[in-house]
Amino acid sequence: MTQAQSRDARVRSLTATGILDTQAETAFDDVVRMAALVCETPIAVVSFVDADRQWFKARIGLEVSETPVEMAICRHVLACEGLEVFPDLTADARTSDNPLVIEAPSLRFYAGARVDSPDGVPIGSVAVMDTAARPQGLTAAQTETLLALARQVMAQLALRAQAARLKDGESRFQAIADSMPQMVWSTRPDGYHDYYNARWYEFTGMEPGSTDGEAWNDMFHPEDQDRARALWTRSLETGAPYEIEYRLRRHDGVYRWTLGRALPIRDAGGQITRWFGTCTDIDDAKRLAEERELVSQELSHRIKNIFAVIS
């Protein structure tokens with residue numbers, strides 16, 4: 001991989017983390033405090049190397065929040081495995097002419113542990129710096145601590161990536177659920193209703209969130225409420241699928257026959273993690289079926305009368 005390809009891969013991975021230019025966070029601030037304390041240095045940073053700048057997510061003992069990438073000592077850590085130590089920055093050709101070494105803050109010592117993105121691309125470091133050279137470098141305990149802190153930063157990035165995936169998944173589910181003609185709902189394992197799609201609120205005319213918890217039962221016809229609650233309680237206790245026909249109050253006050261169904265979602269161990277259900281308006285179909293039944297009964301009655309007359 002060429003240097004340009006390596007830079008492009010780094011920038012893509014760094015951008016994908018969403019960490020750049022975010023506000024200060026305790027988890028990262030604690031990392032630099034611990035690094036400075038254990039390594040006994042006045043300066044510590046969590047640094048990320050972008051295309052044209054080095055940006056500090058957290059820092060202690062350093063005034064600037066970023067530097068041009070050409071001045072980034074941390075970029076040298078990206079090519080190493082684990083830890084890179086400069087006992088005397090003035091004695092190393094890679095850093096001897098760096099403005100941060102020649103001018104203020106006149107850095108002399110640097111040690112950085114590499115930070116990789118969740119997809120395994122080097123993007124930054126957890127580093128400590130001093131204005132005095134340290135020919136002895138870091139102790140074994142300090143080295144292990146700095147590496148451990150870098151792993152903690154990587155864990156934080158992984159958590160952010162997981163949260164982003166979950167948010168994206170929730171957004172997709174929301175879009176799919178809102179596009180469905182049925183009313184869609186979901187509950188916690190204990191049956192607490194905490195989600196309804198847009199169709200539910202359009203049908204019932206209720207305010208978002210007003211039917212969370214147990215308030216859904218009040219939307220049913222008074223004659224159907226006890227039966228619906230009993231069946232739902234049985235499904236929660238046994239894990240059996242929930243299915244019922246009941247009359248649901250529409251936004252105009254009219255009760256319409258509705259088919260309610262729900263299935264449990266289980267984890268690998270068989271434990272129920274959520275319930276997902278739908279409500280389908282079947283009022284027209286039910287009334288049509290009732291009319292057909294009446295017609296069928298009437299025809300049957302008339303045919304019997306005809307046979308009676310013939311007999």
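1. A quick definition first: a residue is called buried here when its relative accessible area is under 20%, and exposed when that area is over 50%. Keep in mind that this is a predicted model.

2. With that in hand, look at helix α2, residues 26-39. Its buried residues are Phe-28, Val-31, Val-32, Ala-35, Ala-36 and Cys-39. Seen down the axis of α2, these fall within an arc of 120°, so they line one face of the helix.

3. Just after the helix, Glu-40 takes a positive phi of about 55°.

4. Now the largest nonpolar core, which has 28 residues. Val-46, Phe-48, Val-115, Val-126, Val-128, Leu-146 and Val-153 have the most contacts inside it. Two or more residues each come from α2, β1, β2, β5 (109-116), β6 and α4, and α2 gives the largest share, 6 residues. Apart from this core lies another, of 20 residues, with Ile-73, Phe-86, Leu-107 and Met-129 among them.

5. Leaving aside neighbours within four places in sequence, its contacts include Leu-14, Ile-19, Trp-55, Val-115, Ile-123, Val-153 and Leu-157. Arg-53, Gln-54, Lys-57 and Gly-124 are also in contact with Phe-48.

6. On to the open space. The largest pocket holds about 410 Å³. It is lined by 15 residues, and the closest to its centre are Gln-3, Ser-6, Arg-7, Arg-10 and Leu-78. Helix α1 (residues 3-17) gives the most to this lining, with 5 residues.

7. There are also 2 cavities of 30 Å³ or more, and the largest cavity has about 100 Å³ of space. Which residues line the largest cavity? Trp-185, His-193, Tyr-196, Trp-200, Trp-216, Phe-220, Trp-232, Tyr-242, Tyr-246, Gly-260 and Cys-279 do. Strands β8 (193-196) and β9 (242-249) each supply at least two residues of that lining.

Terms used: Residues are numbered from 1 along each chain as its sequence is written. This is a predicted model: local features need pLDDT of at least 70, side-chain atom pairs count only at pLDDT 80 or more; totals for chains, interfaces and linings use all residues. Side-chain values use heavy atoms; hydrogens and water are left out. Helices (H or I, at least four residues) and strands (E, at least two) are DSSP runs, numbered from the N terminus. The expected span of a helix is 1.5 Å times one less than its number of residues. Buried means under 20% relative accessible area, exposed over 50%, partly exposed in between (1.4 Å probe, protein chains only). The arc is that of the directions from the helix axis to the C-beta atoms. A nonpolar core is a set of buried Ala, Val, Leu, Ile, Met, Phe, Trp, Tyr and Cys residues joined through side-chain atoms within 4.5 Å. Contact means heavy atoms within 4.5 Å. On a 1 Å grid over the protein atoms alone, a cavity is a set of points where a 1.4 Å probe fits but cannot get out, and a pocket is an open set with protein on both sides within 12 Å along at least five of seven lines; lining residues have an atom within 4 Å of a point. Grid points are joined across faces, edges and corners, and a volume is the space filled by probe spheres set on the points.
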